[in-house]
Every structure is written in C-alpha cells, then in structure tokens.
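Please walk through this structure with the text below as a guide.

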Amino acid sequence: MMKLHTAALVLSVLLHTVWAQNPAVSVRPRTAAVKPGETVTFQCRVTSGSQPVQFEWKRTNNQPLGDNVQIDGAVLTITNVRPNNQGNYRCIATNAQGKAAFSASLTIKQPPKVRITPSGPVILMAGESASLECIGSGKPRPSISWFKQEGGSEIVVMSTTTETKAVLQVTVMTAEDAGIFVCRAQNKEGTAEERVELKIQGGVSTGTMPEASVTDTDLTAVEGQTVTMHCQSSGSPTPVISWSKLRAPLPWQHKVTGGSLTLNNVGRQDSGQYICNATNSMGYSEAYVQLEVDSPPYATTLHDEIVARRGEALRLQCLAHGTHPIRFRWTRVSGHMSPGAETTKDGILKISQLKVTDSGTYKCIATNHVGSSEVLTKVTVKA
C-alpha cells in the first residue's frame, strides 16, 4: 500500500511539472540587417511552457520603441526603418509560472547620400569661377567622384576615397566649359548621386532642352517577376538617359539598356518611385515610374504543437506576412471541426471547451490576391 501511495505521489509531481512550466521562447530572425525605409519583422515563438502566455517587447537599453514600431502580440514590426531603430529588441513571455526573455539584434545599413552646394543651376559670366561642394555620407564611408557629362558619356574630373567632402573648382570661359556636373558617392551598400548645371550667361544657344517621358507611369508586379521600365527623350544634343530610385540606390540586380531599366527577381523592397533622367548640355528633364511589388502570404503559427486537457479552451493564432488584405481559414486535416469552433477574421481559431475527440492536426490557410500559404499545428487533448 505504501508503494502505491509513493507511485501516485511521483505521478502527481510529474504531471504538475508537465502542465506547469515556465515559458521558453526564441525570436526569428535572431539578427536582421536592413536599409532605411525598409520593413523588418521579428516573431517571438514559445518553444515550451504552460498556456496562456502573454508577450511584451522592449528595447534592451530601455529606450522607447519608436512611433514606427507596431506590436501584434508575439510579432514586432518596424516599418520605414530609421537609423535610430538600430539596436537590440527583447521579447518577454510571461505565464502563471514565470517569465522568459530572448533578444534579437537589428542593424541599419546606410547606403550613401550626397548633397551638392550650391544646388544650381549656377549662372556665370565668361571668365568667372564656381566652387561646387559635394558632401557624401554612409556606412562604410563612400568614395566621392565628380564627373562632367559630355557627348553622351561621363568624364572623371575629381575623385577621393579618404574625404567626406569633394570641392570642385570650375572656371567657365566658353560654352564648352559649362554643362552638367555629377557628384557620385559609392560604397558596398549602393550608389547615390546629385547633379548641378553650370550655365554661361550671354552664350548662344546651340540646342534644345531635353524632355523625358516614360511608357508607363504606374507598374504592378509580383515577387520574383522581371520588370522593365521604358524611357524616351527628345532634345538637342541627343540627351543621355540615366535611371535612379527615389531615396534609395537602384536594386542590385538591375540592368540599363538604352533607355530601359530592367529589374530581375523583384521583391517587396523594390517598390518605390524610379526616376528617368534625360540630360544634355542645355539642361535635364525627369520622368517618374511608380512600382508596387505584391507578394503572396507566408503563414506561420505561434505553436507547432499544443497539448491541452479536456474542458480547457483552445486558441490558435495564425500569422501571415505579404500583401494585404490577407484572408484566413482554419480546417482540420482529418475529421470535422468541433461544432463549437470559431475562426476570427484576424486568423484565430477558438474552441471554448475541448474534447478528447478534438485531438488532431489543424491547418491554417492564408490567402491574398497573389496566392496562398498554409501551416499546420498538432493539437493533443488529454483526458
């Protein structure tokens, strides 16, 4: 009789240990490196522990999260990332038995930026000189070069890899000394440039201003597709066409052929405004293309497997990243859903009172106008 009592006591302790655990969490991804203006998401996942679990996000230095940080339970999303978002973010999970924390690190890449003073156009009399100052910034420190556009090509007139400022002295004696000057900063994160026009006052016009136009001003694509933008120009001398992206370098996998810009394997980060610039010795003109890249949903859940007792309430959260709106639908892989099951529009499956027969594998299907994604969660209900 004593042995039976001892065995029952040990079983009770083991059951209490199984059903009453401190939470254990992890964060995906553990590290992320993005450029300013992009969006990054960290997801906190419960790897073990008793339900329910409450989530809280904090910065490890106790600074405020920022007005561009959104928290949806276990998911932290930073939109339009800024340099001051860089740092460590900590997910704190709490249940009735205690709490646990896990940190993730965010690094902000800094593609180069340039600024020309004066911004132009600069008008000079014959024989006068101008001092053009170009300041570059970025991490790592970019190289800075000055170019002059002549006859459809660019000529390097000044370059530095050690200074953050490059000052170009230009003396205008004839119309050939005037024109478009380009300052370009480059590091491993990308390229940025600005241009300034120098004009000689009283010179004789020998051409016409360029005029740029694009075939499509608005384009929509799906992730992974190839996009081509076409730009035409008129003017004399024949303008030189170049492409840039507003507030960001051109995507790494881009190709410029004639007046066309081609982007291969586009992603959501390639969305934005693209600028076609047509330039000749008389001046320059710009035309714009707005690109929106849609992506199919990617579905995840907070738990891959859940163990619960009969009579308890079940709450399964389905999350999805992709182009909105996203619709959620829960099904049971084998068998029928419980009559009391309820699915909310934000992807939550609720069963208010579990039965042993509710054990099984449940599937969340997330769908948008691009495609769909599904994820499974195994539920075990014990008597």
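Rings of Phe, Tyr and Trp, the last taken by its six-membered ring, count as a pair if their centres lie within 6.5 Å, and such a pair is called stacked if the planes are under 30 degrees apart. The model shown here is predicted, and it holds 1 aromatic pair. In that pair the ring centres of F42 and Y89 are 6.4 Å apart and the planes stand at 25 degrees, so the two rings are stacked. F42 belongs to strand β3, residues 40–48, and Y89 to strand β7, residues 87–95; the pair therefore ties together parts that are 47 residues apart in sequence. F42 and Y89 are both buried.

Leaving aside residues up to four places away in sequence, F42 touches, among others, V27, R28, P29, W57, L76 and L106.

The charged end of R184 sits over the ring of F147, at 4.6 Å from the ring centre.

The peptide bond from R28 to P29 is cis, with omega near -10 degrees, and P29 is placed in the loop between β1 and β2. A cis peptide bond also runs from Q51 to P52, where omega is near -5 degrees. P52 is found in the loop between β3 and β4.

The loop between β3 and β4 (54–59) holds S50 as well. Is S50 buried or exposed? Its relative accessible area is 8%, and the cut-off for buried is under 20%, so S50 counts as buried. A polar atom of the S50 side chain lies 2.7 Å from the backbone nitrogen of Q21.

The remaining stops concern backbone angles. N80, in the loop between β6 and β7, has phi near 50 degrees, a positive value in a residue other than glycine. Because its relative accessibility is 48%, N80 counts as partly exposed. For N265, phi is likewise positive, near 50 degrees, and this residue too is other than glycine. N265 lies in the loop between β22 (260–263) and β23 (272–280).

How values were computed: Residues are numbered from 1 along each chain as its sequence is written. This is a predicted model: local features need pLDDT of at least 70, side-chain atom pairs count only at pLDDT 80 or more; totals for chains, interfaces and linings use all residues. Side-chain values use heavy atoms; hydrogens and water are left out. Rings of Phe, Tyr and Trp (its six-membered ring) pair if their centres lie within 6.5 Å; planes under 30 degrees apart count as stacked, over 60 as edge-to-face and the rest as tilted. Helices (H or I, at least four residues) and strands (E, at least two) are DSSP runs, numbered from the N terminus. Buried means under 20% relative accessible area, exposed over 50%, partly exposed in between (1.4 Å probe, protein chains only). A charge sits over a ring if NZ of Lys or CZ of Arg is within 6 Å of the ring centre and within 35 degrees of the ring normal. Contact means heavy atoms within 4.5 Å. A polar contact is a pair of N or O atoms within 3.5 Å; within protein, one must be able to donate a hydrogen and the other to accept it, and residues adjacent in sequence count only if both atoms are side-chain atoms.
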